[in-house]
Amino acid sequence: MTLDGETLEQLRKRVRAGGAERYHAANAAKGKLFARERVALLVDEGSFVEDGTYANVLAEGLPADGVVTGTATVDGRQICLMANDSTVKAGSWGARTVEKIIRIIERAYKTGVPMVYLVDSAGARITDQVELFPGRRGAGNIFYNQVRASGSIPQACALFGPSAAGGAYIPAFCDVVAMVEGNASMYLGSDRMVEMVTGEKTTLEAMGGAKVHCAESGVGHFLCKTEVEAIDTVKRYLSYLPSNWTQSPPKAEAVDAPSKVDLAALVPASERQAFDMRRYAKGLLDEGSFFEIQPLWAKELTVGFGRLAGEVVGVVANNSMFKGGVLFVDSADKATRFVQLCDAFNVPLLFLSDVPGFMVGSAVEKQGIIRHGAKMITAISEATVPKICVIVRKAYGAGLYAMAGPGFEPDATIALPTAKIAVMGAEAAVNAVYANKIAAIEDEAERAEFVAAKRAEYERDIDVVRLASELVVDAIVEPHELRDELIRRFAAAAGKDRHFSRRRHGVTPV
(Lines give C-alpha, C1' and ligand atoms only; values in the text may rest on other atoms or scores of the structure.)
Protein backbone atom coordinates (compact mmCIF):
# COMPACT_ATOMS: atom_id res chain seq x y z
CA MET A 1 0.00 0.00 0.00
CA THR A 2 1.55 3.28 -1.16
CA LEU A 3 0.64 6.36 0.85
CA ASP A 4 0.64 9.94 -0.32
CA GLY A 5 0.36 12.81 2.10
CA GLU A 6 -3.38 13.23 1.65
CA THR A 7 -4.13 9.54 2.17
CA LEU A 8 -1.95 9.40 5.27
CA GLU A 9 -3.69 12.44 6.73
CA GLN A 10 -7.09 10.85 6.14
CA LEU A 11 -5.88 7.68 7.83
CA ARG A 12 -4.65 9.65 10.83
CA LYS A 13 -7.96 11.48 11.13
CA ARG A 14 -9.87 8.20 11.01
CA VAL A 15 -7.70 6.65 13.71
CA ARG A 16 -7.79 9.70 15.97
CA ALA A 17 -11.56 10.03 15.65
CA GLY A 18 -12.07 6.76 17.51
CA GLY A 19 -15.32 4.84 17.17
CA ALA A 20 -18.59 5.72 15.50
CA GLU A 21 -20.29 9.02 16.31
CA ARG A 22 -23.18 7.25 18.08
CA TYR A 23 -20.74 5.88 20.66
CA HIS A 24 -19.30 9.34 21.25
CA ALA A 25 -22.81 10.68 21.74
CA ALA A 26 -23.73 7.90 24.17
CA ASN A 27 -20.62 8.62 26.25
CA ALA A 28 -21.26 12.36 26.25
CA ALA A 29 -24.77 11.71 27.57
CA LYS A 30 -23.17 9.99 30.57
CA GLY A 31 -20.78 12.88 31.16
CA LYS A 32 -17.86 10.89 29.73
CA LEU A 33 -15.05 12.42 27.71
CA PHE A 34 -13.32 10.92 24.68
CA ALA A 35 -10.07 9.09 25.52
CA ARG A 36 -7.95 11.63 23.66
CA GLU A 37 -9.68 14.48 25.50
CA ARG A 38 -8.74 12.80 28.77
CA VAL A 39 -5.12 12.58 27.65
CA ALA A 40 -5.14 16.27 26.70
CA LEU A 41 -6.46 17.21 30.17
CA LEU A 42 -3.77 15.15 31.88
CA VAL A 43 -0.64 16.20 30.01
CA ASP A 44 1.18 19.45 29.27
CA GLU A 45 0.01 20.95 25.99
CA GLY A 46 1.98 19.73 23.00
CA SER A 47 3.97 17.15 24.95
CA PHE A 48 2.19 13.93 23.99
CA VAL A 49 4.03 11.51 21.70
CA GLU A 50 1.81 8.60 20.70
CA ASP A 51 2.95 5.01 20.19
CA GLY A 52 1.16 2.36 18.16
CA THR A 53 -1.22 4.81 16.52
CA TYR A 54 -1.89 2.45 13.62
CA ALA A 55 -2.36 -0.73 15.63
CA ASN A 56 -4.89 -2.98 13.85
CA VAL A 57 -5.51 -0.21 11.34
CA LEU A 58 -6.40 -2.70 8.59
CA ALA A 59 -9.27 -4.11 10.65
CA GLU A 60 -12.69 -2.55 10.31
CA GLY A 61 -13.82 -0.41 13.24
CA LEU A 62 -10.76 -0.86 15.48
CA PRO A 63 -8.83 2.43 15.37
CA ALA A 64 -5.64 2.19 17.49
CA ASP A 65 -7.16 -1.15 18.60
CA GLY A 66 -9.10 0.70 21.28
CA VAL A 67 -6.25 2.07 23.36
CA VAL A 68 -4.13 5.22 23.22
CA THR A 69 -0.57 4.87 24.55
CA GLY A 70 2.46 7.13 24.62
CA THR A 71 4.71 9.50 26.54
CA ALA A 72 4.17 13.07 27.69
CA THR A 73 4.97 15.49 30.47
CA VAL A 74 2.81 16.44 33.44
CA ASP A 75 3.87 19.68 35.13
CA GLY A 76 7.10 19.39 33.19
CA ARG A 77 7.92 15.86 34.34
CA GLN A 78 8.01 12.89 31.99
CA ILE A 79 5.36 10.15 32.28
CA CYS A 80 4.02 7.22 30.28
CA LEU A 81 0.30 6.67 29.84
CA MET A 82 -2.42 4.49 28.41
CA ALA A 83 -6.06 5.41 27.82
CA ASN A 84 -8.82 2.99 26.85
CA ASP A 85 -11.06 4.27 24.06
CA SER A 86 -14.56 3.17 25.05
CA THR A 87 -15.96 4.24 21.65
CA VAL A 88 -14.08 1.29 20.12
CA LYS A 89 -15.75 -2.01 21.07
CA ALA A 90 -16.46 -0.56 24.56
CA GLY A 91 -12.72 -0.22 25.18
CA SER A 92 -12.28 -3.98 25.06
CA TRP A 93 -8.90 -5.63 24.67
CA GLY A 94 -7.60 -7.31 21.54
CA ALA A 95 -4.15 -8.76 20.96
CA ARG A 96 -2.70 -5.43 19.78
CA THR A 97 -4.36 -3.64 22.70
CA VAL A 98 -2.57 -5.90 25.14
CA GLU A 99 0.75 -5.55 23.33
CA LYS A 100 0.50 -1.76 23.40
CA ILE A 101 -0.25 -1.72 27.13
CA ILE A 102 2.63 -4.09 27.87
CA ARG A 103 5.05 -2.01 25.82
CA ILE A 104 4.19 1.28 27.50
CA ILE A 105 4.50 -0.18 31.02
CA GLU A 106 7.86 -1.67 30.02
CA ARG A 107 8.98 1.73 28.77
CA ALA A 108 7.88 3.46 31.98
CA TYR A 109 9.79 0.91 34.03
CA LYS A 110 12.94 1.03 31.89
CA THR A 111 13.07 4.82 31.75
CA GLY A 112 12.10 5.29 35.40
CA VAL A 113 9.03 7.51 34.97
CA PRO A 114 5.49 7.31 36.41
CA MET A 115 2.85 5.24 34.62
CA VAL A 116 -0.70 6.61 34.40
CA TYR A 117 -3.68 4.44 33.44
CA LEU A 118 -6.86 6.10 32.13
CA VAL A 119 -9.20 3.14 32.30
CA ASP A 120 -12.59 2.61 30.67
CA SER A 121 -12.79 -0.95 29.39
CA ALA A 122 -15.27 -3.80 29.10
CA GLY A 123 -12.43 -6.33 29.34
CA ALA A 124 -11.13 -8.91 26.88
CA ARG A 125 -12.73 -9.58 23.50
CA ILE A 126 -13.83 -13.17 23.82
CA THR A 127 -13.56 -13.56 20.05
CA ASP A 128 -9.80 -12.83 20.31
CA GLN A 129 -9.08 -14.83 23.46
CA VAL A 130 -6.46 -17.18 21.98
CA GLU A 131 -4.43 -14.25 20.68
CA LEU A 132 -4.67 -12.04 23.77
CA PHE A 133 -5.16 -14.23 26.82
CA PRO A 134 -2.81 -17.18 27.45
CA GLY A 135 0.56 -16.44 25.84
CA ARG A 136 3.85 -14.99 27.04
CA ARG A 137 2.81 -11.57 25.71
CA GLY A 138 -0.81 -12.10 26.69
CA ALA A 139 -2.88 -10.14 29.20
CA GLY A 140 -1.17 -11.78 32.16
CA ASN A 141 2.07 -10.07 31.15
CA ILE A 142 0.40 -6.70 31.81
CA PHE A 143 0.00 -7.60 35.47
CA TYR A 144 3.48 -9.11 35.66
CA ASN A 145 4.93 -5.82 34.46
CA GLN A 146 2.76 -3.81 36.85
CA VAL A 147 3.99 -5.90 39.77
CA ARG A 148 7.59 -5.58 38.63
CA ALA A 149 7.20 -1.81 38.37
CA SER A 150 5.44 -1.50 41.73
CA GLY A 151 7.57 0.50 44.16
CA SER A 152 9.99 1.30 41.34
CA ILE A 153 7.83 3.92 39.63
CA PRO A 154 4.58 5.55 40.73
CA GLN A 155 1.50 3.99 39.12
CA ALA A 156 -1.78 5.88 39.23
CA CYS A 157 -5.17 5.10 37.73
CA ALA A 158 -8.16 7.26 36.87
CA LEU A 159 -11.18 5.03 36.33
CA PHE A 160 -13.95 6.54 34.20
CA GLY A 161 -16.09 3.52 33.31
CA PRO A 162 -15.99 -0.23 33.79
CA SER A 163 -12.85 -2.22 34.52
CA ALA A 164 -14.15 -5.70 34.07
CA ALA A 165 -13.01 -9.25 34.77
CA GLY A 166 -9.23 -9.64 34.52
CA GLY A 167 -9.00 -5.98 33.51
CA ALA A 168 -10.04 -5.04 37.03
CA TYR A 169 -6.55 -5.94 38.15
CA ILE A 170 -4.99 -2.99 36.31
CA PRO A 171 -6.43 -0.56 38.91
CA ALA A 172 -5.78 -3.06 41.71
CA PHE A 173 -2.04 -3.09 41.00
CA CYS A 174 -1.82 0.72 40.94
CA ASP A 175 -0.72 2.81 43.91
CA VAL A 176 -3.99 4.75 43.86
CA VAL A 177 -7.29 4.70 41.96
CA ALA A 178 -9.48 7.76 41.38
CA MET A 179 -13.03 6.65 40.51
CA VAL A 180 -15.74 8.76 38.89
CA GLU A 181 -19.00 8.42 40.80
CA GLY A 182 -21.88 7.01 38.77
CA ASN A 183 -19.76 5.73 35.88
CA ALA A 184 -16.69 3.94 37.24
CA SER A 185 -16.90 0.32 38.33
CA MET A 186 -14.66 -2.67 39.02
CA TYR A 187 -15.85 -6.25 39.07
CA LEU A 188 -14.58 -9.73 38.27
CA GLY A 189 -17.92 -10.97 36.98
CA SER A 190 -20.86 -9.01 35.56
CA ASP A 191 -24.22 -8.92 37.33
CA ARG A 192 -25.54 -11.47 34.81
CA MET A 193 -22.61 -13.79 35.44
CA VAL A 194 -23.00 -13.47 39.21
CA GLU A 195 -26.66 -14.43 39.00
CA MET A 196 -25.85 -17.40 36.77
CA VAL A 197 -23.05 -18.69 39.02
CA THR A 198 -24.35 -17.86 42.51
CA GLY A 199 -28.03 -17.04 42.09
CA GLU A 200 -27.47 -13.58 43.60
CA LYS A 201 -29.37 -10.75 41.95
CA THR A 202 -27.38 -7.53 42.01
CA THR A 203 -26.32 -4.59 39.86
CA LEU A 204 -22.91 -3.42 38.69
CA GLU A 205 -23.25 -0.28 40.81
CA ALA A 206 -24.24 -2.15 43.98
CA MET A 207 -21.55 -4.77 43.48
CA GLY A 208 -18.62 -2.80 42.10
CA GLY A 209 -19.51 0.88 41.81
CA ALA A 210 -17.27 3.76 42.82
CA LYS A 211 -18.92 4.30 46.22
CA VAL A 212 -18.61 0.60 47.08
CA HIS A 213 -14.92 0.47 46.28
CA CYS A 214 -14.01 3.82 47.84
CA ALA A 215 -15.98 3.37 51.07
CA GLU A 216 -16.33 -0.39 51.61
CA SER A 217 -13.79 -2.55 49.77
CA GLY A 218 -10.86 -0.12 49.86
CA VAL A 219 -9.85 -0.91 46.26
CA GLY A 220 -10.66 2.69 45.27
CA HIS A 221 -8.87 5.64 46.87
CA PHE A 222 -10.65 8.78 45.67
CA LEU A 223 -14.36 9.23 44.91
CA CYS A 224 -14.60 11.96 42.27
CA LYS A 225 -17.66 13.81 40.97
CA THR A 226 -16.30 14.40 37.47
CA GLU A 227 -13.65 13.14 35.09
CA VAL A 228 -11.80 16.45 35.37
CA GLU A 229 -11.63 15.99 39.15
CA ALA A 230 -10.28 12.45 38.72
CA ILE A 231 -7.54 13.61 36.37
CA ASP A 232 -6.63 16.52 38.66
CA THR A 233 -6.45 14.07 41.56
CA VAL A 234 -3.96 11.88 39.68
CA LYS A 235 -1.86 14.95 38.85
CA ARG A 236 -1.85 16.06 42.47
CA TYR A 237 -0.88 12.58 43.62
CA LEU A 238 2.12 12.57 41.29
CA SER A 239 3.20 16.01 42.58
CA TYR A 240 4.15 14.48 45.93
CA LEU A 241 6.25 11.63 44.55
CA PRO A 242 9.58 11.32 42.76
CA SER A 243 9.66 9.91 39.24
CA ASN A 244 11.15 6.68 40.55
CA TRP A 245 12.50 4.95 43.62
CA THR A 246 16.05 6.32 43.25
CA GLN A 247 14.98 9.95 43.58
CA SER A 248 13.74 12.19 46.38
CA PRO A 249 10.22 13.63 46.42
CA PRO A 250 9.94 17.02 44.69
CA LYS A 251 10.37 19.95 47.03
CA ALA A 252 7.92 22.84 46.91
CA GLU A 253 8.20 26.38 48.11
CA ALA A 254 7.94 26.51 51.91
CA VAL A 255 4.59 27.72 53.21
CA ASP A 256 3.70 28.53 56.82
CA ALA A 257 1.16 26.50 58.75
CA PRO A 258 -2.36 28.00 58.99
CA SER A 259 -2.09 30.90 61.42
CA LYS A 260 -5.59 30.50 62.87
CA VAL A 261 -5.20 26.90 64.06
CA ASP A 262 -4.48 26.47 67.77
CA LEU A 263 -3.12 22.91 68.06
CA ALA A 264 -3.37 22.90 71.85
CA ALA A 265 -7.04 23.84 71.74
CA LEU A 266 -7.85 21.03 69.31
CA VAL A 267 -6.99 18.25 71.79
CA PRO A 268 -9.63 17.81 74.54
CA ALA A 269 -8.43 17.32 78.10
CA SER A 270 -10.50 14.15 78.47
CA GLU A 271 -9.32 11.20 76.42
CA ARG A 272 -12.94 10.10 76.24
CA GLN A 273 -13.77 13.12 74.09
CA ALA A 274 -13.16 12.69 70.36
CA PHE A 275 -11.43 15.22 68.12
CA ASP A 276 -10.68 15.34 64.40
CA MET A 277 -7.02 14.47 63.80
CA ARG A 278 -7.37 15.63 60.20
CA ARG A 279 -7.75 19.19 61.47
CA TYR A 280 -4.69 18.67 63.66
CA ALA A 281 -2.61 17.46 60.70
CA LYS A 282 -3.74 20.38 58.54
CA GLY A 283 -2.82 22.80 61.35
CA LEU A 284 0.64 21.28 61.64
CA LEU A 285 1.58 21.04 57.95
CA ASP A 286 2.23 23.73 55.35
CA GLU A 287 -1.09 25.43 54.67
CA GLY A 288 -3.12 23.70 51.97
CA SER A 289 -0.64 20.86 51.55
CA PHE A 290 -2.50 17.96 53.16
CA PHE A 291 -3.66 15.45 50.54
CA GLU A 292 -5.69 12.71 52.19
CA ILE A 293 -5.76 9.26 50.62
CA GLN A 294 -8.74 6.91 51.06
CA PRO A 295 -10.72 9.43 53.12
CA LEU A 296 -13.94 7.35 52.96
CA TRP A 297 -12.53 3.95 53.95
CA ALA A 298 -11.43 2.83 57.44
CA LYS A 299 -11.85 6.41 58.66
CA GLU A 300 -10.54 5.60 62.14
CA LEU A 301 -7.10 5.96 60.54
CA THR A 302 -6.14 8.95 58.41
CA VAL A 303 -3.32 8.72 55.86
CA GLY A 304 -2.04 11.17 53.29
CA PHE A 305 0.75 13.38 52.03
CA GLY A 306 1.64 16.84 53.26
CA ARG A 307 4.59 19.18 53.43
CA LEU A 308 6.72 20.60 56.22
CA ALA A 309 8.65 23.68 55.05
CA GLY A 310 8.16 22.45 51.48
CA GLU A 311 9.43 18.90 52.10
CA VAL A 312 7.04 15.99 51.50
CA VAL A 313 6.02 13.79 54.44
CA GLY A 314 3.57 10.92 54.71
CA VAL A 315 1.11 11.21 57.60
CA VAL A 316 -0.37 8.25 59.49
CA ALA A 317 -2.79 9.44 62.16
CA ASN A 318 -5.44 7.92 64.44
CA ASN A 319 -8.79 9.69 64.31
CA SER A 320 -10.95 9.32 67.40
CA MET A 321 -13.93 10.83 65.56
CA PHE A 322 -14.46 7.39 64.01
CA LYS A 323 -14.71 4.23 66.14
CA GLY A 324 -12.68 5.98 68.83
CA GLY A 325 -9.52 5.68 66.72
CA VAL A 326 -9.33 1.95 67.47
CA LEU A 327 -7.44 -0.06 64.83
CA PHE A 328 -9.53 -2.59 62.89
CA VAL A 329 -8.70 -5.04 60.10
CA ASP A 330 -9.28 -2.48 57.35
CA SER A 331 -7.40 0.34 59.06
CA ALA A 332 -4.42 -1.97 59.60
CA ASP A 333 -4.43 -2.79 55.88
CA LYS A 334 -4.80 0.89 55.00
CA ALA A 335 -1.78 1.81 57.09
CA THR A 336 0.30 -1.10 55.78
CA ARG A 337 -0.13 -0.12 52.16
CA PHE A 338 0.48 3.58 52.75
CA VAL A 339 3.62 2.98 54.80
CA GLN A 340 4.98 0.68 52.10
CA LEU A 341 4.18 3.31 49.46
CA CYS A 342 6.05 6.01 51.37
CA ASP A 343 9.02 3.76 52.07
CA ALA A 344 9.24 2.74 48.39
CA PHE A 345 9.41 6.36 47.21
CA ASN A 346 11.59 7.88 49.93
CA VAL A 347 8.82 9.81 51.67
CA PRO A 348 9.52 10.36 55.41
CA LEU A 349 6.77 9.19 57.75
CA LEU A 350 5.07 11.19 60.47
CA PHE A 351 2.90 9.23 62.93
CA LEU A 352 0.33 11.17 64.98
CA SER A 353 -0.77 8.81 67.72
CA ASP A 354 -4.04 8.84 69.62
CA VAL A 355 -4.73 5.13 69.67
CA PRO A 356 -6.53 2.96 72.24
CA GLY A 357 -5.10 -0.16 70.57
CA PHE A 358 -6.44 -2.85 68.25
CA MET A 359 -10.07 -3.90 68.39
CA VAL A 360 -10.92 -6.98 70.42
CA GLY A 361 -13.78 -9.44 70.29
CA SER A 362 -14.91 -12.56 68.47
CA ALA A 363 -15.92 -10.74 65.28
CA VAL A 364 -12.51 -9.22 64.60
CA GLU A 365 -10.66 -12.34 65.75
CA LYS A 366 -12.54 -14.30 63.08
CA GLN A 367 -11.56 -11.64 60.55
CA GLY A 368 -7.92 -12.16 61.44
CA ILE A 369 -7.17 -9.00 63.43
CA ILE A 370 -3.94 -10.55 64.73
CA ARG A 371 -2.76 -11.33 61.21
CA HIS A 372 -3.70 -7.90 59.88
CA GLY A 373 -2.16 -6.15 62.89
CA ALA A 374 1.02 -8.14 62.37
CA LYS A 375 1.05 -7.02 58.75
CA MET A 376 0.86 -3.37 59.81
CA ILE A 377 3.61 -3.81 62.38
CA THR A 378 5.73 -5.57 59.74
CA ALA A 379 5.39 -2.57 57.43
CA ILE A 380 6.34 -0.19 60.26
CA SER A 381 9.38 -2.32 61.09
CA GLU A 382 10.57 -2.60 57.50
CA ALA A 383 10.17 1.11 56.69
CA THR A 384 13.65 2.61 56.55
CA VAL A 385 12.73 6.17 55.63
CA PRO A 386 13.01 8.76 58.40
CA LYS A 387 10.07 8.19 60.71
CA ILE A 388 8.95 10.17 63.74
CA CYS A 389 6.29 9.14 66.23
CA VAL A 390 4.36 11.91 67.97
CA ILE A 391 2.20 10.88 70.92
CA VAL A 392 -0.51 13.50 70.65
CA ARG A 393 -2.74 12.05 73.35
CA LYS A 394 -2.37 8.33 73.94
CA ALA A 395 -0.70 5.19 72.67
CA TYR A 396 -2.04 2.10 74.39
CA GLY A 397 -1.16 -1.55 73.97
CA ALA A 398 -0.04 -2.80 70.57
CA GLY A 399 -1.32 0.49 69.19
CA LEU A 400 1.99 1.98 70.33
CA TYR A 401 3.81 -0.58 68.21
CA ALA A 402 1.58 -0.01 65.19
CA MET A 403 2.27 3.73 65.34
CA ALA A 404 6.06 3.34 65.20
CA GLY A 405 6.69 3.48 68.94
CA PRO A 406 10.16 3.46 70.50
CA GLY A 407 10.79 -0.24 69.90
CA PHE A 408 10.60 0.21 66.12
CA GLU A 409 13.63 2.48 65.79
CA PRO A 410 11.90 5.73 64.92
CA ASP A 411 14.23 8.66 64.46
CA ALA A 412 12.43 10.24 67.39
CA THR A 413 9.52 9.65 69.75
CA ILE A 414 8.06 13.01 70.71
CA ALA A 415 5.45 13.47 73.42
CA LEU A 416 3.10 16.38 73.88
CA PRO A 417 2.20 17.32 77.47
CA THR A 418 -1.13 15.48 76.93
CA ALA A 419 0.65 12.20 76.04
CA LYS A 420 0.10 8.86 77.75
CA ILE A 421 1.88 5.61 76.93
CA ALA A 422 0.72 2.44 78.63
CA VAL A 423 -0.35 -1.16 78.17
CA MET A 424 -3.91 0.09 78.59
CA GLY A 425 -5.86 3.09 79.88
CA ALA A 426 -6.17 3.75 83.59
CA GLU A 427 -9.81 2.70 83.87
CA ALA A 428 -9.23 -0.63 82.13
CA ALA A 429 -6.03 -1.26 84.07
CA VAL A 430 -7.60 -0.66 87.47
CA ASN A 431 -10.50 -2.90 86.59
CA ALA A 432 -8.16 -5.64 85.32
CA VAL A 433 -6.06 -5.66 88.48
CA TYR A 434 -8.64 -4.88 91.17
CA ALA A 435 -11.94 -6.16 89.75
CA ASN A 436 -12.61 -8.56 92.64
CA LYS A 437 -11.66 -6.04 95.32
CA ILE A 438 -13.81 -3.34 93.72
CA ALA A 439 -16.77 -5.71 93.61
CA ALA A 440 -16.29 -6.58 97.27
CA ILE A 441 -16.59 -2.95 98.45
CA GLU A 442 -20.27 -2.48 99.25
CA ASP A 443 -20.26 1.21 100.12
CA GLU A 444 -20.59 3.18 96.86
CA ALA A 445 -18.61 6.21 98.07
CA GLU A 446 -15.84 4.03 99.44
CA ARG A 447 -15.73 2.09 96.17
CA ALA A 448 -15.46 5.29 94.13
CA GLU A 449 -12.70 6.62 96.41
CA PHE A 450 -10.74 3.36 96.05
CA VAL A 451 -11.03 3.41 92.24
CA ALA A 452 -10.01 7.08 92.06
CA ALA A 453 -6.95 6.44 94.22
CA LYS A 454 -5.82 3.49 92.13
CA ARG A 455 -6.37 5.45 88.91
CA ALA A 456 -4.25 8.32 90.25
CA GLU A 457 -1.56 5.84 91.23
CA TYR A 458 -1.63 4.35 87.72
CA GLU A 459 -1.48 7.78 86.07
CA ARG A 460 1.62 8.65 88.14
CA ASP A 461 3.24 5.44 86.98
CA ILE A 462 2.88 6.39 83.31
CA ASP A 463 3.55 10.11 83.76
CA VAL A 464 5.10 11.59 80.62
CA VAL A 465 7.98 13.16 82.58
CA ARG A 466 8.85 9.74 84.01
CA LEU A 467 8.76 8.30 80.47
CA ALA A 468 11.16 11.03 79.33
CA SER A 469 13.45 10.36 82.28
CA GLU A 470 13.54 6.69 81.30
CA LEU A 471 14.35 7.68 77.67
CA VAL A 472 11.10 6.16 76.42
CA VAL A 473 10.37 9.49 74.74
CA ASP A 474 13.09 11.71 73.30
CA ALA A 475 11.42 15.04 73.89
CA ILE A 476 8.37 16.67 75.44
CA VAL A 477 7.26 19.67 73.41
CA GLU A 478 4.42 22.11 73.53
CA PRO A 479 1.97 21.97 70.61
CA HIS A 480 3.13 25.33 69.24
CA GLU A 481 6.73 24.02 69.19
CA LEU A 482 5.95 20.76 67.41
CA ARG A 483 6.12 21.92 63.79
CA ASP A 484 9.60 23.47 64.13
CA GLU A 485 10.78 20.44 66.11
CA LEU A 486 9.64 18.11 63.32
CA ILE A 487 11.24 20.22 60.58
CA ARG A 488 14.61 20.12 62.37
CA ARG A 489 14.43 16.44 63.20
CA PHE A 490 13.39 15.33 59.70
CA ALA A 491 16.23 17.41 58.26
CA ALA A 492 18.70 15.74 60.62
CA ALA A 493 17.45 12.26 59.64
CA ALA A 494 17.50 12.87 55.88
CA GLY A 495 20.82 11.10 55.30
CA LYS A 496 20.16 8.01 57.43
CA ASP A 497 21.32 4.53 56.43
CA ARG A 498 18.40 2.73 54.74
CA HIS A 499 19.63 -0.83 55.24
CA PHE A 500 17.25 -3.02 57.25
CA SER A 501 18.05 -6.73 57.17
CA ARG A 502 20.34 -9.33 55.60
CA ARG A 503 17.86 -11.28 53.48
CA ARG A 504 15.98 -11.41 50.18
CA HIS A 505 12.61 -10.52 51.68
CA GLY A 506 10.53 -11.32 54.72
CA VAL A 507 7.47 -13.55 54.90
CA THR A 508 4.58 -11.12 55.32
CA PRO A 509 1.65 -12.16 57.56
CA VAL A 510 -0.77 -11.36 54.72
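Start by selecting Lys89, which sits in the loop between strand S3 (77–84) and helix H4 (95–111). Helices (H or I, at least four residues) and strands (E, at least two) are DSSP runs, numbered from the N terminus. The model is predicted, so local features need pLDDT of at least 70 and side-chain atom pairs count only at pLDDT 80 or more, while totals for chains, interfaces and linings use all residues. Residues are numbered from 1 along each chain as its sequence is written, and side-chain values use heavy atoms, with hydrogens and water left out.

**Two positive phi angles**

Lys89 is not a glycine, yet its phi is positive, about 50°. Lys89 is exposed, at a relative accessible area of 53%. The classes used on this tour are buried for under 20% relative accessible area, exposed for over 50% and partly exposed in between, with a 1.4 Å probe and protein chains only.

Next, select Glu409, in the loop between helix H17 (398–402) and strand S14 (412–415). Glu409 also has a positive phi without being a glycine, with a value near 50°. Its relative accessibility is 68%, which counts as exposed.

**Ile101 and helix H4**

Go back to helix H4 and pick Ile101. Ile101 is buried, at 0% relative accessibility.

**Helix H11**

Select residues 227–239, which make up helix H11. The helix has 13 residues and reaches 19 Å from its first C-alpha to its last, close to the expected 18 Å. The expected span is 1.5 Å times one less than the number of residues. Which residues of H11 are buried? They are Glu227, Ala230, Ile231, Thr233, Val234, Lys235, Tyr237 and Leu238.

Stay on Leu238, in helix H11. Its relative accessible area is 6%, so Leu238 is buried. Val116 is 122 residues from Leu238 in sequence, but their C-alpha atoms are 9.5 Å apart in space.

**Aromatic rings**

Now show the aromatic side chains. How many aromatic pairs does a search of the whole structure find? The search finds 11. Rings of Phe, Tyr and Trp (its six-membered ring) pair if their centres lie within 6.5 Å; planes under 30 degrees apart count as stacked, over 60 as edge-to-face and the rest as tilted.

Select Phe143 and Tyr169: the ring centres are 6.1 Å apart and the planes are at 65°, so this pair is edge-to-face. The two residues are 26 apart and link distant parts of the chain, with Phe143 in helix H6 (residues 140–149) and Tyr169 in helix H7 (residues 169–172). Phe143 is buried, with a relative accessible area of 16%, whereas Tyr169 is partly exposed, at 37%.

Another edge-to-face pair is formed by Phe275 and Tyr280, at 6.5 Å centre to centre and 65° between the planes. Both of these residues are buried.

Then select Phe222, Tyr237, Tyr240, Phe291, Phe305 and Phe338 together; ring pairs link them into a cluster. Tyr237 is also among the buried residues of H11.

Move to Phe328, where Lys323 lies over the face of the ring at 4.5 Å from the ring centre. A charge sits over a ring if NZ of Lys or CZ of Arg is within 6 Å of the ring centre and within 35 degrees of the ring normal.

**Cysteines**

Show the cysteine sulfurs. How many disulfides does a search of the whole structure find? The search finds zero, a disulfide being a pair of cysteine sulfur atoms within 2.5 Å. For Cys214, the closest cysteine sulfur is in Cys224, 7.5 Å away, which is too far for a bond. Cys214 is buried, with a relative accessible area of 1%. Cys389 is in no disulfide either, the nearest cysteine sulfur being that of Cys342, 15 Å away. Cys389 counts as buried at 0% relative accessibility.

**The annotated domain and Asp497**

Colour residues 258–497, which an unreviewed UniProt entry annotates as "domain: CoA carboxyltransferase C-terminal". UniProt positions are given in the numbering used here, feature names are shortened, and annotations may be inferred rather than shown by experiment. Over this range the chain is 45% helix and 19% strand, and the end C-alpha atoms are 33 Å apart.

Finish on Asp497, in the segment after helix H21 (479–493). Asp497 counts as exposed, at 63% relative accessibility. Its side chain reaches the backbone nitrogen of His499 at 3.1 Å. Thr384 is 113 residues from Asp497 in sequence and 7.9 Å from it in space, C-alpha to C-alpha.

Technical notes. Polar contact = N/O pair within 3.5 Å; in protein donor to acceptor, adjacent residues only side chain to side chain.
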